[in-house]
Amino acid sequence: SMSIRALYRAFIVKIFLKPKKVLDVGCGLGYFVHYLRRLGIEAYGLELSRYAVDNGITSVRQYIKPGDVQKIPYKDNSFDLVTSFDVFEHIHQEDIEKGIDECTRVSSSMQFHKIYTLENTWLKSVHGTDLSHVSVFNRDWWMEIWKKKKLIISQNRWLKLPDVIATSFLLEK
């Protein structure tokens, strides 16, 4: 379920990345923000869907802003970690770099992005094709973007699932 996955992610982030302040871009109903806060992390969310913002978990509603990765409503270096889970494959290719630039701008050090890629064959076999995925590329396409943006790929085996299931990137400025 959504909340179990969010709890697992929050524990992994707390234990292995030890951030003090986190922004979750595309936070949905706010489960991840909720669990991070329960674990003592100052967490905030940004969500495009008005429905999700208005119907999110009551305990964290005050920490979630409506908004878009193209124009994050926070100052430079506001967070030591910016996360996104399954956001970038829903963004049109011409808007992706702006979104990454914005995540980089508001992060003082780390970013963690889980992105649906062509390697995620297991997901496709289980769920079929998601028509809202407008930007599905391979892992190498994303590696080129990180290189272009001069972001350093950090290897943390605890945060990594096999690529057939999920493609994720831990990046540092």
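I take buried as under 20% relative accessible area, exposed as over 50%, and partly exposed as in between (1.4 Å probe, protein chains only). With that I start at Leu 48, which at 62% relative accessibility counts as exposed.

**Ground rules.** I am working on a predicted model, where local features need pLDDT of at least 70, side-chain atom pairs count only at pLDDT 80 or more, and totals for chains, interfaces and linings use all residues. Residues are numbered from 1 along each chain as its sequence is written, and side-chain values use heavy atoms, with hydrogens and water left out.

**Entry 1: Leu 48.** I placed Leu 48 in the loop between E2 and helix H3 (50-55). Helices (H or I, at least four residues) and strands (E, at least two) are DSSP runs, numbered from the N terminus. I then asked what Leu 48 touches, not counting residues up to four places away in sequence. I found Gly 67 and Asp 68. Contact here means heavy atoms within 4.5 Å. I also looked at Val 69, which is 21 residues from Leu 48 along the chain. The two C-alpha atoms are separated by 8.3 Å.

**Entry 2: Val 22.** Next I went to strand E1, where Val 22 is found. Val 22 is buried, with a relative accessible area of 0%. Leaving out residues up to four places away in sequence, I listed its contacts: Leu 36, Ile 41, Glu 42, Ala 43, Tyr 44, Phe 79, Leu 81 and Thr 83. The C-alpha atom of Val 22 is separated by 8.3 Å from that of Val 33, 11 residues apart along the chain.

**Entry 3: H2 and its surroundings.** Val 33 took me to helix H2 (residues 31-38), where Phe 32, Val 33, His 34, Tyr 35 and Leu 36 are buried. Against which elements do the buried residues of H2 pack? I noted helix H1 (2-16) and strands E1 (21-25), E2 (42-47) and E4 (79-85). Gly 40 follows H2, and its phi is positive, near 90°.

**Entry 4: H1 against H2.** Two packed helices are described by the angle between their axes and the distance between the axes. For H1 and H2 I read an angle of about 45° and axes 8 Å apart. The axes are lines fitted to C-alpha atoms, for helices over the stretch in contact, and angles run from 0 to 180 degrees between N-to-C directions. H1 is therefore oblique to H2. On this scale, angles under 35 degrees count as roughly parallel, over 145 as roughly antiparallel, 65 to 115 as roughly perpendicular and the rest as oblique. H1 passes H2 in a right-handed crossing, meaning that the near helix is turned clockwise from the far one by less than a right angle. From H1, the contact uses Met 2, Ser 3, Ala 6, Leu 7, Arg 9, Ala 10 and Val 13. From H2, it uses Tyr 31, Phe 32, Tyr 35 and Leu 36.

**Entry 5: H4 against H6.** I turned to helix H4 (residues 93-106) and helix H6 (residues 139-148). They pack at an angle of about 45°, with axes 11 Å apart. That makes H4 oblique to H6. The crossing of H4 past H6 is right-handed. H4 brings Gln 93, Ile 96, Glu 97 and Ile 100 to the contact. H6 brings Trp 141, Trp 142, Ile 145, Trp 146 and Lys 148.

Entry 6: Which residues of H6 are buried? I found Arg 139, Trp 142, Ile 145 and Trp 146. Seen down the axis of H6, these buried residues fall within an arc of 120°, so they line one face of the helix. The arc is that of the directions from the helix axis to the C-beta atoms. On the other side of H6, Asp 140, Lys 147 and Lys 148 are exposed. The buried residues of H6 pack against H4 and strands E5 (107-115), E6 (152-154) and E7 (167-172).

**Entry 7: positive phi.** Lys 150 follows H6 and sits in the loop between H6 and E6. Its phi is near 55°, a positive value in a residue other than glycine. Lys 150 is exposed, with a relative accessible area of 69%. Asp 86 lies in the loop between E4 and H4. Phi of Asp 86 is positive too, near 60°. Asp 86 is partly exposed, at 28% relative accessible area.

**Entry 8: Ala 166.** Last, I checked the loop between E6 and E7, the place of Ala 166. Is Ala 166 buried or exposed? Ala 166 is buried, with a relative accessible area of 4%. Its C-alpha atom and that of Asn 120, 46 residues apart along the chain, are separated by 5.7 Å.
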